[in-house]
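Here is a short report for a reader new to this structure. Look at the sequence and the model first, then read on.

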Amino acid sequence: MRLLNKDLRLQDVTLIYAILLVALVVLLVAPYHASSPSLSPSSSSSPDGPSRPSLPYHVPLDPAGQLELYWNISYAEQEVYMELRAKELRHGLLLGMSDRGEPTDADLVLLWNDGHKSYFGDAWSDHEGRVTLDSQQDYELLDARNTPEGFSLLFKRPFSTCDPHDYVIEEGTVHLIFSILDQPIHSLRQLNVSRLQPGVQRILLLRPDAPSPSLPSDVRTLEVLAPDIVIPDQETTYWCYMYQLPPNMPKNHIVMYEAVVSVGNEAIVHHMEVFECSPHMDSVPQYSGSCDSKMKPTKLNSCRHVLAAWALGAEPFYYPSDAGLPLGGEGSSRFLRLEVHYHNPLIMSGRRDSSGIRLWFTPSLRRFDAGIMELGLVYTPVMAIPPHQHTFHLTGYCTAECTRTALPPGGIHIFASQLHTHLAGRGVRTVLVRGGREVEVVQEDKHFSTHYQIIRILRKMVTVLPGDVLLTKCTYNTEDRVEATVGGFGIMEEMCVNYVHYYPRTQLELCKSHVDPDYLQKYFSIINRFHGGDSCSCSQTTVEDQFSAVTWDSFSAEVLDSLYTTSPISMHCNQSIAELFPGDWEKRKIPQVLTELQPAARPCDPSRAPAQSNGPTEVRPRRSG
């Protein structure tokens with residue numbers, strides 16, 4: 001009996017010891033490995049740890065492919081899930097978001113090692129790049145692990161945190177900065193992001209959450225690819241290649257397209273576009289070479305009708321289930337121009353490439369033809385931005401008279417758009433106006449970059465009715481320029497365009513405006529007199545010369561801004577045959593907007609606000625694989 005009691009006591013001691021050991025492990029691990037995230041995106045269980053969210057979006061961050069970002073979004077929870085994957089960890093990782101990819105005034109998430117331990121934390125950089133740990137820790141660590149492929153760091157963050165040091169995640173371009181830390185960081189106060197010279201990558205972080213339509217059973221493919229070229233050993237190259245469709249190709253509908261990127265070049269191929277040439281051209285010279293070369297045939301400049309556009313991180317582009325973009329047949333060109341932008345900052349040589357766009361098309365025509373319409377400003381030097389401007393706005397109008405003339409009674413449905421400016425562009429916004437009231441934003445990008453141009457599928461289709469107005473407003477910065485920047489085709493000139501993709505297709509191909517030239521001449525006369533010059537409007541000289549002769553000060557810039565926002569406009573309400581619709585399109589009044597849309601409120605939700613943190617989270621990576 002005593003032996004039995006002794007055995008029972010031994011079992012009790014063993015059980016108690018096991019329970020205490022498990023409890024101790026839980027207490028140690030809990031602060032470093034968050035519990036499984038409650039996701040709207042689907043999660044998958046892992047035998048090596050907590051369930052992990054599905055991460056369908058991916059972009060390589062650095063040209064050497066050492067660091068990659070995977071992510072997903074939950075609109076229900078208003079959160080974004082991110083995973084950094086590094087082939088070699090060294091002493092830590094840095095990922096940040098800033099207005100235009102600057103290392104200063106950036107919202108940062110950091111993993112660093114002080115030589116003994118590793119830490120994870122939410123931080124920010126000041127106007128000189130110095131790093132401070134944020135008192136409000138909004139990035140939540142979910143998992144950190146070593147894998148056979150390297151190291152992965154999984155975390156999440158709300159779209160909006162109401163923290164003044166945090167970047168607001170919204171639709172449009174997000175400029176990411178990134179770096180792999182080479183040295184131990186004993187104190188974040190020692191870290192200066194500017195000295196790290198971080199890399200920059202641009203992505204669309206927020207994506208539409210609707211499922212992609214299924215493809216028809218008779219779908220076929222056509223690949224427009226670079227012909228095994230050698231990528232030039234220079235940082236930036238725009239390569240042009242002419243492609244010819246089969247003769248007598250009947251009408252088909254493009255229902256989807258996607259990128260084809262040569263293996264190994266995923267971080268070098270920056271963006272690609274396919275343009276259709278004018279259908280009136282019987283022949284176009286064959287060409288494969290730099291788009292900037294003097295040897296490029298001038299006929300290629302007539303190939304400007306965008307069929308497809310892709311940029312790093314973009315997913316396949318699907319057309320709505322009841323519409324397709326015509327390819328082949330009457331009114332279509334046989335000639336396509338592929339343009340590939342190679343970003344080669346490491347100046348790698350001898351790299352061959354056959355990247356391009358794969359078009360998926362069907363001979364079974366859908367109910368509607370999709371069309372592409374240009375909104376914004378006409379390419380003309382009468383629209384200009386003064387020099388030394390931190391912020392200057394230009395607006396192009398698609399007027400009620402034009403939509404009333406050209407659109408069918410049921411209107412059109414915009415499902416995607418491609419915004420476009422040149423180097424001075426900082427933001428683009430197209431808004432729908434009905435009855436003098438702004439009713440809906442078609443597309444807006446507050447952090448637009450000409451280096452990241454992509455056709456963006458709208459989260460919600462926008463219906464435009466006859467009599468509606470579409471305003472396209474572009475924001476520019478010319479602080480580094482000493483001369484006026486005029487409108488035009490050159491990269492140092494400017495544009496303000498939104499190519500909207502819609503259905504059903506109409507004859508309206510271009511709905512744009514510019515200031516009335518006579519009123520611009522009055523501006524030159526007033527400014528010349530004010531500055532003591534010749535009051536002659538000098539209409540015999542070019543507009544470019546007249547802008548160059550202006551003495552630019554705050555008065556000259558403010559008067560020009562006033563001219564553009566109050567003076568009559570010339571409307572270009574153009575048919576697809578490059579002729580104006582019948583009507584009176586000169587000296588039209590600028591459409592009135594009586595009520596503007598108010599910015600969406602971002603209330604701070606106290607229930608989800610994190611507690612004040614006294615320090616970072618210590619990280620002990622698990623092992624998998």
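## Thr-405 in helix H3

Thr-405 sits in helix H3, which covers residues 400–406. The model is predicted. Thr-405 has a relative accessibility of 40%, so Thr-405 counts as partly exposed. A polar atom of its side chain lies 2.7 Å from the backbone oxygen of Glu-401.

Not counting residues up to four places away in sequence, Thr-405 touches Phe-581, Pro-582 and Trp-585. Thr-405 and Cys-573 are 168 residues apart along the chain, yet their C-alpha atoms are separated by 9.0 Å.

## A five-stranded sheet

Five strands form an open sheet. Their order is E19-E16-E23-E18-E20, and the pairing is antiparallel. Strand E19 (288–290) and strand E20 (305–311) are the edge strands, and each pairs on one side only. From one strand to the next, the twist averages 20°.

Strand E16 spans residues 236–244. E16 and E19 pair in the antiparallel sense over three bridges. Cys-240 has Gly-289 in E19 as its bridge partner.

The structure holds five disulfides. One of them joins Cys-240 and Cys-291, with the sulfur atoms 2.0 Å apart. Cys-240 lies in strand E16 and Cys-291 in the loop between E19 and E20, so this pair ties together parts that are 51 residues apart in sequence. The torsion about the S-S bond of Cys-240 and Cys-291 is about 110°, so the disulfide is right-handed. Cys-240 and Cys-291 are both buried.

Cys-277 and Cys-303 form another disulfide, again with sulfur atoms 2.0 Å apart. Cys-277 is in the loop between strand E18 (269–276) and E19, and Cys-303 is in the loop between E19 and E20. The two cysteines are 26 residues apart. Their S-S torsion is about 90°, so the disulfide is right-handed. Cys-277 and Cys-303 are both buried.

## Strand E37 and what follows

A disulfide also joins Cys-398 to Cys-511, with an S to S distance of 2.0 Å. Cys-398 lies in strand E29 (residues 392–398) and Cys-511 in strand E37, so the pair ties together parts that are 113 residues apart in sequence. The S-S torsion of Cys-398 and Cys-511 is about 95°, so the disulfide is right-handed. Both cysteines are buried.

Asp-516 lies in the loop between strand E37 (508–515) and helix H4 (517–530). Is Asp-516 buried or exposed? Its relative accessibility is 2%, so Asp-516 counts as buried. Not counting residues up to four places away in sequence, Asp-516 touches Pro-568, Ile-569, Ser-570 and Lys-587.

Key:
Residues are numbered from 1 along each chain as its sequence is written. This is a predicted model: local features need pLDDT of at least 70, side-chain atom pairs count only at pLDDT 80 or more; totals for chains, interfaces and linings use all residues. Side-chain values use heavy atoms; hydrogens and water are left out. Two strands pair if DSSP finds at least two bridges between them. Helices (H or I, at least four residues) and strands (E, at least two) are DSSP runs, numbered from the N terminus. Axes are lines fitted to C-alpha atoms, for helices over the stretch in contact, and angles run from 0 to 180 degrees between N-to-C directions. Buried means under 20% relative accessible area, exposed over 50%, partly exposed in between (1.4 Å probe, protein chains only). Contact means heavy atoms within 4.5 Å. A polar contact is a pair of N or O atoms within 3.5 Å; within protein, one must be able to donate a hydrogen and the other to accept it, and residues adjacent in sequence count only if both atoms are side-chain atoms. A disulfide is a pair of cysteine sulfur atoms within 2.5 Å.
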